[in-house]
Every structure is written in structure tokens, then in C-alpha cells.
Amino acid sequence: MVTHTMVTRSYMSRREVEQQSFSPAVALLVPLGAILLQVFLPKAFPVLAILDLPFLVTLFFAMSRRSPIAGTVTGGLIGLLQDLLTNQPIGVNGMAKSVIGYAGASLSSQIDVENSATRALLTFGFSLLQSFLLYLIERRLLGISSFHLMWLHEFIRAAVNAVVAVPLFLLLDRTKHRE
């Protein structure tokens, strides 16, 4: 008698299989800490103004959760709080970081974002995208003609953020709860 075992395959999406969550304390304190550091560190150390910690945290949570809706909401909330604590018009960072959160979450459900090289490349690309979005919002939407981008500076900013993202993301990986 021959028995056939049937192999069953799950057709769950990559996002459903590898979606991760965080404790409420981490989900609240990490973005808040990043925003506060972004506000106060450049005042003490002006060279650190090139970092965008709220952007990095937005991208990390979006890529980890792999949910475009959660990424959009997270980016919007982090960006709005950043706007409230800085000189930016309310909503500028909120809009840009909402797009970054959505795009980061959408892309992470399609590719492996656990690889450090992939994370660095994505951070670099999304940093440039955020710079372009901020330019469009400030220059075109708000009509602030004095807002200009110095693309060499933005490439350097993207590179610095990519370098900082790798160890930061590895550190934040320790806060994940796998579902």
C-alpha cells in the first residue's frame, strides 16, 4: 500500500509571514526620543544636523511592520511632531514622512529588508526621496521661493543617514516581537 503525503503550501504573503510588532513603550519612546534628539543635538553639536533621526525611525518601523497603512500613519505622526518642535511649517515633515512610511512598508513586503546592505541602499534612496519631497512641498506647494536644495549636500546627508541606519536598525531589531 502506497501512501501519498501531500505537501501543503501556504500562499500567505511575505508581509503576513514576517510582520513584526513592538511593545507600546518602544513604539512610543523610540520615535519621541529620535525627535527630541533631532531637536536638541544639533544645537549642542551643529555637525549632527545632517542626521535625520525621525526619518530613520520612520523608515525602520515602516519596513519592520510591512504595513503601508501603519507606515503612513507612523510617518505622518512622527513628521507632525517633528514640525511642532522645529521651525518647519506644520505638515511639511508630516507629508514627506507619510510618503516615506508608505513606500518603505510597501517595498519591504516585496524584498528582504533584514540585510544590512539592502537597508543601507534603501535608506540612501529614501533619504534622497525625502529631500525631493521636502523641496516639492516647500517650493511648489507652499511657494517658498527661497527654499533651495544643494544636491551635493543631500547626497552626503543620504550617505551619512545610510551609514548611521545600519547599526541603528540592528539595535532596534532587538526590540521586535515576532508574530
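1. The structure holds seven salt bridges, a salt bridge being a side-chain nitrogen of Lys or Arg within 4 Å of a carboxyl oxygen of Asp or Glu. This is a predicted model, in which local features need pLDDT of at least 70 and side-chain atom pairs count only at pLDDT 80 or more, while totals for chains, interfaces and linings use all residues. Residues are numbered from 1 along each chain as its sequence is written, and side-chain values use heavy atoms, with hydrogens and water left out.

2. On confidence, the protein averages a pLDDT of 89, and 88% of the residues score at least 70, pLDDT being the predictor's confidence in each residue, from 0 to 100. Over residues 5–17 pLDDT stays under 50, and for this stretch the model has 14 contacts beyond four places in sequence, a contact meaning heavy atoms within 4.5 Å.

3. One of the salt bridges joins Asp52 and Lys97, whose closest N and O atoms are 3.6 Å apart. Asp52 lies in the loop between H2 and H3 and Lys97 in helix H5, so the pair ties together parts that are 45 residues apart in sequence; helices are DSSP runs of H or I with at least four residues, numbered from the N terminus. Both Asp52 and Lys97 are buried, where buried means under 20% relative accessible area, exposed over 50%, and partly exposed in between (1.4 Å probe, protein chains only).

4. Arg66, Glu114, Arg119, Asp173 and Lys176 are linked in a network of salt bridges. Within it, Glu114 pairs with Arg66, the closest N and O atoms being 3.9 Å apart. Glu114 lies in the loop between H5 and helix H6 (116–141) and Arg66 in the loop between H3 and H4, so this pair ties together parts that are 48 residues apart in sequence. Glu114 also forms a salt bridge with Arg119, with the closest N and O atoms 3.3 Å apart. Glu114 is partly exposed, with a relative accessible area of 28%, whereas Arg119 is buried at 3%.

5. Arg66 itself deserves a separate look: at 0% relative accessibility, this residue counts as buried. The side chain of Arg66 also reaches the backbone oxygen of Ser108 at 3.1 Å.

6. H4 has 18 residues and reaches 26 Å from its first C-alpha to its last, close to the 26 Å expected at 1.5 Å a residue, the expected span being 1.5 Å times one less than the number of residues. Its buried residues are Gly71, Thr74, Gly75, Gly76, Ile78, Gly79, Gln82 and Asp83, and what covers them includes helix H2 (24–44), H3 and helix H5 (92–108).

Conventions. A polar contact is a pair of N or O atoms within 3.5 Å; within protein, one must be able to donate a hydrogen and the other to accept it, and residues adjacent in sequence count only if both atoms are side-chain atoms. Helices (H or I, at least four residues) and strands (E, at least two) are DSSP runs, numbered from the N terminus.
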